[in-house]
Amino acid sequence: MERVELNIPSNPIFERVVRASAAEVGSAFGFSTERIEDLKLAISEAVNNAIDHGNRRDVGKLVAVVFEIDGEKLEIRISDEGGGIDKVDVGRHTVEEANLEAGQLRGFGMYLISELVDDLEVSSSHRGTVLTLRLYRRGQP
Amino acid sequence: MSDIIRREEFGEVAILYITTTSVDAISAAAIAAECQAMRPITVLDFSEVAFINSAGISALLKFVVSARKAGYKLFAMHVSLHHQKIFKMVEMSRFMPVIEERDLAEYRVA
């Protein structure tokens, strides 16, 4: 198993650092360009959720990102230090006219993650939330 | 005018060239601010954009909202295949269809 670990402050600028690392890890894993773009977007969404909703942009709190390559599997765990969440909605979320009228222009993140990875797990407690994303080499287009 | 958007206008058309490579949480506010200066036909050009996430999509939706309020048409141009896939996933393409550069030729002549 090969492992890469990053810890970033809860400042959105550092999401770009994780994204750049995701591109390198995806490349090392042998993903196609398209699959690397999927990986970057899924991780970006997870990290931004951790920064915004988990750690509430408290730069004193860290977002931990662990990449693990294990055979045909790439697993990424994104952890925050927030107070946890009750429920995660990974249902289909698209642009709707009613939402545009109401000014509700956000909320696509979890849906995109669920569409772009092969497997998604969420565990949450009062000590924080961990998103585990899994992508498989054989599953790439 | 922001450094993140470069404008070109002719007739009723405005082409807004997004000059950042990342349409994300960092660039979203500056991009969204440009939705205050749209034309009846507004085209967002993505030729320099390498990455868009949901924070970026939210910024782009502000153009959709502004266009709908003003009765303007909004299009996207030079969108990568990956971003076309993402736009389709969230059904953004219904509100900001992708056009080709040649589709603007008649407006440039006029």
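How many residues does the contact take from chain B and from chain A? In this predicted model, the contact takes 23 residues from chain B and 20 residues from chain A. On the side of chain B that touches chain A, the elements giving two or more residues are α2 (54-70) and α3 (81-89) of chain B. The most comes from α2(B), with 9 residues. By class, the residues on this side of chain B divide into 13 nonpolar, 5 polar and 5 charged.

Within chain A, helix packing was examined next. Two packed helices are described by the angle between their axes and the distance between the axes. Helix α1 of chain A covers residues 15-29, and helix α2 of chain A covers residues 33-54. Their axes come within 9 Å and cross at roughly 150°. Angles over 145 degrees count as roughly antiparallel, and therefore α1(A) is roughly antiparallel to α2(A). The crossing of α1(A) past α2(A) is right-handed. From α1(A), the contact draws on A:Glu15, A:Val18, A:Arg19, A:Ala22, A:Ala23, A:Gly26 and A:Ser27. From α2(A), the residues include A:Arg35, A:Ile36, A:Leu39, A:Lys40 and A:Ile43. Also among them are A:Ser44, A:Val47, A:Asn48 and A:Ile51. The contact of α1(A) with α2(A) holds 8 nonpolar, 4 polar and 4 charged residues.

Helix α2(A) also packs with α4(A). Here the angle is about 145°, and the axes lie 9 Å apart. This time the crossing of α2(A) past α4(A) is left-handed. On the α2(A) side, the contact is made by A:Asp38, A:Leu41, A:Ala42, A:Glu45, A:Ala46, A:Asn48 and A:Asn49. On the α4(A) side, A:Gly109, A:Leu112, A:Ile113 and A:Leu116 take part. These residues divide into 6 nonpolar, 3 polar and 2 charged.

Burial in α4(A) was then considered. This helix spans residues 109-116 of chain A. Its buried residues are A:Gly109, A:Met110, A:Leu112, A:Ile113 and A:Leu116. Seen down the axis of α4(A), they fall within an arc of 160°, so they line one face of the helix. An α-helix has 3.6 residues a turn, so residues three or four places apart point the same way. Both chains supply partners for the buried residues of α4(A). From chain A come α2, β4 (119-125) and β5 (128-136). From chain B come α2 and α3.

Helix α3(B) has its own buried residues, B:His83, B:Ile86 and B:Phe87. Down the axis of α3(B), these fall within an arc of 100°, so they too line one face of the helix. Their cover includes α2 of chain A together with β5 (51-52) of chain B. Just after α3(B), B:Glu91 takes a positive phi of about 65°.

One residue of chain B was followed individually. B:Val98 lies in strand β7 of chain B, which spans residues 98-99. Is B:Val98 buried, exposed or partly exposed? A buried residue needs 20 or more other C-beta atoms within 10 Å, and an exposed one has 12 or fewer. B:Val98 has 17, so B:Val98 is partly exposed. Leaving aside neighbours within four places in sequence, B:Val98 is in contact with B:Ala76, B:Val79, B:Gln84 and B:Ser93. B:Pro40 is 58 residues from B:Val98 along the chain, and their C-alpha atoms are separated by 16 Å.

Methods: Residues are numbered from 1 along each chain as its sequence is written. Chains are lettered from A and ligands numbered from 1 in the order in which they are written. This is a predicted model: local features need pLDDT of at least 70, side-chain atom pairs count only at pLDDT 80 or more; totals for chains, interfaces and linings use all residues. Axes are lines fitted to C-alpha atoms, for helices over the stretch in contact, and angles run from 0 to 180 degrees between N-to-C directions. Helices (H or I, at least four residues) and strands (E, at least two) are DSSP runs, numbered from the N terminus. Angles under 35 degrees count as roughly parallel, over 145 as roughly antiparallel, 65 to 115 as roughly perpendicular and the rest as oblique. A crossing is left-handed if the near helix is turned anticlockwise from the far one by less than a right angle, and right-handed if clockwise. Two residues are in contact if their C-beta atoms, placed from the backbone, lie within 7 Å. Ala, Val, Leu, Ile, Met, Phe, Trp, Tyr, Cys and Pro count as nonpolar, Asp, Glu, Lys and Arg as charged, and the others, Gly among them, as polar. The arc is that of the directions from the helix axis to the C-beta atoms.
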